[in-house]
Amino acid sequence: MVKDVKGRFDEYPDIVRVRLNQVRELVFEIVTDLALGKVEESLKWGEPSYRVKTGSPFRMDWKPKSPNHFYLFFHCQTKLVDTFRELYGDVLEFQGNRAIVLSLSEPLPEASIKHCLELALTYQDRKHLPLLGA
């Protein structure tokens, strides 16, 4: 983990750090499994951000004003969140066309989140496909 991202992770409450790290581990697992190359891990707007050459960048964060949730933010001008809503509207909660809202008190819906992350990390190759080829 790069120094500034680690510093940000260290600022989160313990439960938040654990949950965000679960998502981070999924990112690196997907990138390795699909041979997507190097992950650019950085801070964007003070939030951990992840990007690969084949994908659309996304960020994740927790906000003190919404202490029971954490968020995965996607570029609002993509079809990502609309696609996620179509696929997982019965499992996931969304905020507009830019975020997945996850509860800290519920288990991470790992299969659906992993699939959403895979679609984001391969977005450049899928953006022309209906439902991103899902």
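1. In this predicted model, helix 2 and helix 4 lie oblique to each other, since their axes, for residues 14–33 and residues 110–121 respectively, come within 10 Å and cross at roughly 55°. The crossing of the two helices is right-handed.

2. On the side of helix 2, the contact is made by Val 23, Leu 26, Val 27, Glu 29, Ile 30, Val 31 and Asp 33, and on the side of helix 4 by Glu 110, Ile 113, Lys 114, Leu 117, Glu 118 and Leu 121.

3. In one of them, Glu 47 pairs with Arg 59, with the closest N and O atoms 1.9 Å apart; because Glu 47 belongs to strand 2 (residues 47–51) and Arg 59 to strand 3 (residues 58–62), the pair ties together parts that are twelve residues apart in sequence. Glu 47 counts as buried at 5% relative accessibility, and Arg 59 is likewise buried, with a relative accessible area of 12%.

4. A salt bridge also joins the side chains of Asp 61 and Lys 63, at 2.9 Å from N to O. Here Asp 61 is buried at 3% relative accessibility, whereas Lys 63 is partly exposed at 24%.

5. Arg 126 counts as buried at 18% relative accessibility, while Glu 118 is partly exposed at 24%. Through shared partners, salt bridges join Arg 8, Glu 11, Glu 47, Arg 59, Asp 61 and Lys 63 into one network.

Notes:
Residues numbered from 1 in each chain as written. Predicted model: local features only at pLDDT ≥ 70, side-chain atom pairs only at ≥ 80, totals over all residues. Heavy atoms only, no water. Axes fitted to C-alpha atoms, helices over the stretch in contact; angles between N-to-C directions. Helix = DSSP H or I, 4+ residues; strand = E, 2+ residues; numbered from the N terminus. Parallel < 35°, antiparallel > 145°, perpendicular 65-115°, else oblique. Left-handed = near helix turned anticlockwise from the far one by under 90°. Contact = heavy atoms within 4.5 Å. Salt bridge = Lys/Arg side-chain N within 4 Å of Asp/Glu carboxyl O. Buried < 20%, exposed > 50% of the residue type's maximum accessible area, 1.4 Å probe, protein only.
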